[in-house]
Amino acid sequence: MAQQPVFLGQGISYTELYDPKFKTCSLYFRFYVKRDAATCAENALMIDLLTNCSADYPTLASLTLQKQSLYGASLHSSRGCVGDVQELTVSAHWIDDRFALDGASVTDAMLKLMLGCLLRPNAENNAFDAAAFRFCKQNLLDTIDCEINQKRSYAMHRAAEAAFAGEPAACPPYGTRESAEAVTAESAYAAWQRMLHTAPLEIVAVLPEEKPNLLPALREALHTLPREPQPVVFESLSPVKPEVKQVEEPMPVTQCKLVMVMKTQDADHDAMRMVNLLLGGTTGSLLFVNVREKRSLCYYCASRYLRSKHALTVDCGVRTENLEETKAAITEQIETLCSGGFTDEQMNECAMYYEHSLASASDSQSGLAAWVFTQKQTDAPRTMEESAADLRAVTREQVIAAAKKLQLDTVYTLLATKSDADDGEEG
């Protein structure tokens, strides 16, 4: 059960959901800022700093001990991007008060801890604590350096850079190493101030039952913040290039990574969701069955729909000698959708798959929170049931029309330069 969103201040919205099947409580603060190459790295570093220490707990060790004293509660941050927007999230998870042995309110203690980290960081003279800053900066640099070890996600990011060149979505989620190295304790502190005062904030609580004290405590802590929230745009069209951009990046690995980015300028989102599921979103999809299983052209082959950019990507791991045949095979499957070469049964299986994924999401607090956040990014928020019903209502004609609007924009290839006989391991 969920309450209607409550507004706690300029650009601050609070949503509470509760379900008795849960035995723990979760609280999420998500700030939205414009994705910008000049600020991505300092934002990513800053949000990590906020859960590393605070004025009340000036070291990671002291903060960790306090969390352990609250029955092993957790407090952590995450950084991500959706289209042209950077998401900065702080989340807390703790045992429900019913199970506290001493009768104390773990909820009150965790809220105090979380708000302390967000609003009263370990900082002095407009700069974060030097030791904490060095630790978190090294973490960020290591994260950026290690991205290349995950070849699939690396290829996806590089394809996005090429497909959305000149747009905010081309900026790496954590910024570049160069921009991360330039962040200072002072610039990170300025990023924190900027986030508090200008970033739209969505707060979501997922609880076993209503907590009457939670909303008043949040309102009291946040209503006095000086706020001038800057609007962000979650959905922005990306123009299709006049000619398909071909990018090849040689690398000493044994398996190529191929990413094909297609764009549409007039998206029917429900129809595009069905296109994605039919094409490569399930283990019964056209790409999986025909390209991977029947023809054994690649190690994996999947598609994703990026609603925020009206784009669909197909990515696969493939041997060098199969690259061109794989590209042709992928194009054939898209043409199959355009010509209506799919059955009502396949559409029904996709709808069932989507319904199952929604049911799985509702079984976890993180899944429920993610749904709320996603719906806040659309002009017409829906319940899970409404979204499933709308997908089932998509017709064959809508799928065909949506598939025909897809235009190939970018082809990125991480090109393997080693053979299987070469020594060494692929990263």
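Student: What makes Asp-84, Ser-308 and Lys-309 contacts of Ser-236 in this predicted model?

Tutor: Contact requires heavy atoms within 4.5 Å. Leaving aside neighbours within four places in sequence, Ser-236 is in contact with Asp-84, Ser-308 and Lys-309. Ser-236 itself is placed in the loop between helix H8 (214-222) and strand E9 (245-251).

Student: Why is the pairing of the side chains of Ser-236 and Lys-309 called a polar contact?

Tutor: The cut-off for a pair of N or O atoms is 3.5 Å. The side chains of Ser-236 and Lys-309 are joined at 3.1 Å, so the pair is within that limit.

Student: How do you know whether Ser-236 is buried or exposed?

Tutor: Its relative accessible area is 15%. Buried means under 20%, and therefore Ser-236 is classed as buried.

Student: Why is Ser-303 described as buried?

Tutor: Ser-303, in strand E11, has a relative accessible area of 6%. The threshold is 20%, so the residue counts as buried. Ser-303 touches Asn-276, Leu-279, Gly-280, Gly-281, Leu-287, Leu-312, Thr-313 and Val-314, with residues up to four places away in sequence not counted.

Student: Which polar partner does the side chain of Ser-303 have among side chains, and what makes the contact polar?

Tutor: The partner is the side chain of Asn-276, at 2.7 Å.

Student: What makes the phi of Ser-296 and of His-310 worth noting?

Tutor: Most residues other than glycine have a negative phi. Ser-296 has a positive phi of about 50° although it is not a glycine. For His-310 the phi is near 55°, again a positive value in a residue other than glycine.

Student: How do you know whether Ser-296 and His-310 are buried or exposed?

Tutor: Ser-296, in the loop between helix H10 (286-294) and E11, has 53% relative accessibility; exposed means over 50%, so Ser-296 is exposed. His-310, in the loop between E11 and strand E12 (311-318), has a relative accessible area of 8%; that is under 20%, so His-310 is buried.

Student: Why are the buried residues of H4 said to lie on the same side?

Tutor: These residues are Ala-132, Phe-133, Cys-136, Lys-137, Leu-140, Leu-141 and Ile-144. They cover an arc of only 165° around the axis, which puts them on the same side of H4. Their cover includes helix H1 (40-50), strand E4 (74-82), helix H6 (177-182) and helix H7 (185-198).

Student: What makes Asp-129 a cap of H4?

Tutor: A side-chain oxygen of Asp-129 lies 3.3 Å from the backbone nitrogen of Ala-131. The limit for a polar contact is 3.5 Å, so the distance qualifies, and Asp-129 caps the N-terminal end of H4.

Student: Which residues are the closest to the centre of the largest pocket, and what makes a residue part of its lining?

Tutor: About 1200 Å³ of space lies in the largest pocket. Of the 36 lining residues, Arg-273, Tyr-305, Arg-307, Tyr-354 and Thr-374 are the closest to the centre. A lining residue has an atom within 4 Å of a pocket point. H13 gives the most to this lining, with seven residues.

Notes: Residues numbered from 1 in each chain as written. Predicted model: local features only at pLDDT ≥ 70, side-chain atom pairs only at ≥ 80, totals over all residues. Heavy atoms only, no water. Buried < 20%, exposed > 50% of the residue type's maximum accessible area, 1.4 Å probe, protein only. Helix = DSSP H or I, 4+ residues; strand = E, 2+ residues; numbered from the N terminus. Arc of directions from axis to C-beta. Polar contact = N/O pair within 3.5 Å; in protein donor to acceptor, adjacent residues only side chain to side chain. 1 Å grid on protein atoms, 1.4 Å probe; cavity = no way out; pocket = protein on both sides within 12 Å on 5 of 7 lines; lining within 4 Å. Points joined across faces, edges and corners; volume = space filled by probe spheres on them.
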